[in-house]
Amino acid sequence: MKIEIIKCLNDNYSYLIYEKETNIVSIVDPSEFSPCEKEISKYKKLDYILNTHHHVDHVDGNIRLKNKYNSRVLGFDGDKDRIPGIDITLKKNQSYKIGNLNFRVIFIPGHTKGHIAFYFENEKTVFTGDTLFSLGCGRVFEGTHVDMLNSLNKLKILPPETKVYCGHEYTKTNLDFCLKYDPENARLKEKSTEIKLKLNSNLPTIPTSISDELKTNIFLRCNDNVIKQALNLKDATDQEVFTKLRDLKDTF
Ligand code: ZN
Ligand code: FE
């Protein structure tokens, strides 16, 4: 599995997936036609378009790419009326094969009510859209804070070595937010240096990994006493801590 990171719009990432043995080309969340088309044209074909959710900055390339390459569009069954050009509807936990690559659908509502992740277990790779970001999580638009925490908890339990490809380059702001509430975290400080080096060279900070996120992303550490103390919520539940963090981040 070869993954090309495609920068789109201001801070979106689309991902081209190439599977060599069967020569299958797929794209995750084509934000806009032109930058995606530029990458796809090197392969001269596009078999599948995978959408994590229906937001326009994740699906806007669907129709033009589908028309040009006769691709099949895959998205969540519950969002079949909102995903442009959808051909194949996916259910929670369903497995599906694109070429030799097998993925499982992880249902992760919260940001939208039909958000899914694509988990390629054999390749130790997950595409998380706008749910889990490097050092952050998505805004809660259609679901509840309970939904969002449950969804993050589903991603947390993936094998630690799993690489995480998310929908946006929000890492720097997320880093500043994490540092504010977790300033003594050694791995976070290390990561801060790595992130700044990458961004200064105009490189993506993606992928991150589940193991790194567990150590540094405060939204995945709502059960950690260090975070609870920093918020003055010593005796609060994980859910209360999460809701507080998400609200603070909304105005950060
Ligand atoms: Zn979104
Ligand atoms: Fe987005």
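User: What makes Thr171, Asn174, Leu175, Phe177, Cys178 and Tyr181 the buried residues of helix 5 (residues 171–181)?

Analyst: Buried means under 20% relative accessible area, with a 1.4 Å probe and protein chains only, and in helix 5 the residues that count as buried are Thr171, Asn174, Leu175, Phe177, Cys178 and Tyr181. They cover an arc of only 165° around the axis, which puts them on the same side of helix 5; the arc is taken from the directions from the helix axis to the C-beta atoms. Helices are DSSP runs (H or I, at least four residues) and strands are too (E, at least two), numbered from the N terminus.

This is a predicted model, where local features need pLDDT of at least 70 and side-chain atom pairs count only at pLDDT 80 or more, while totals for chains, interfaces and linings use all residues. Residues are numbered from 1 along each chain as its sequence is written, chains are lettered from A and ligands numbered from 1 in the order written, and side-chain values use heavy atoms, leaving out hydrogens and water.

User: How do you know how helix 5 and helix 6 are oriented to each other?

Analyst: Their angle is about 160°, and the axes are 11 Å apart. Axes are lines fitted to C-alpha atoms, for helices over the stretch in contact, and angles run from 0 to 180 degrees between N-to-C directions. Angles under 35 degrees count as roughly parallel, over 145 as roughly antiparallel, 65 to 115 as roughly perpendicular and the rest as oblique. So helix 5 and helix 6 are roughly antiparallel.

User: Which residues of helix 5 and helix 6 make the contact?

Analyst: Contact means heavy atoms within 4.5 Å. Helix 5 brings Thr171, Lys172, Leu175, Cys178 and Leu179, and helix 6 brings Leu188, Ser192, Ile195, Lys196 and Leu199.

User: Why is lysine 154 called partly exposed, while lysine 44 is called exposed?

Analyst: Exposed is over 50%, and partly exposed lies between that and the buried limit. Lysine 154 has 34% relative accessibility, so it counts as partly exposed. Lysine 44 has 69%, so lysine 44 counts as exposed.

User: What makes the phi of lysine 44 and of asparagine 202 worth a look?

Analyst: Most residues other than glycine have a negative phi, and most peptide bonds are trans. Lysine 44 isn't a glycine, yet its phi is positive, about 65°. Asparagine 202 has a positive phi too, near 60°.

User: What kind of peptide bond joins isoleucine 206 and proline 207?

Analyst: A cis one, with omega about 0°. Proline 207 sits in the loop between helix 6 and strand 14 (208–209).
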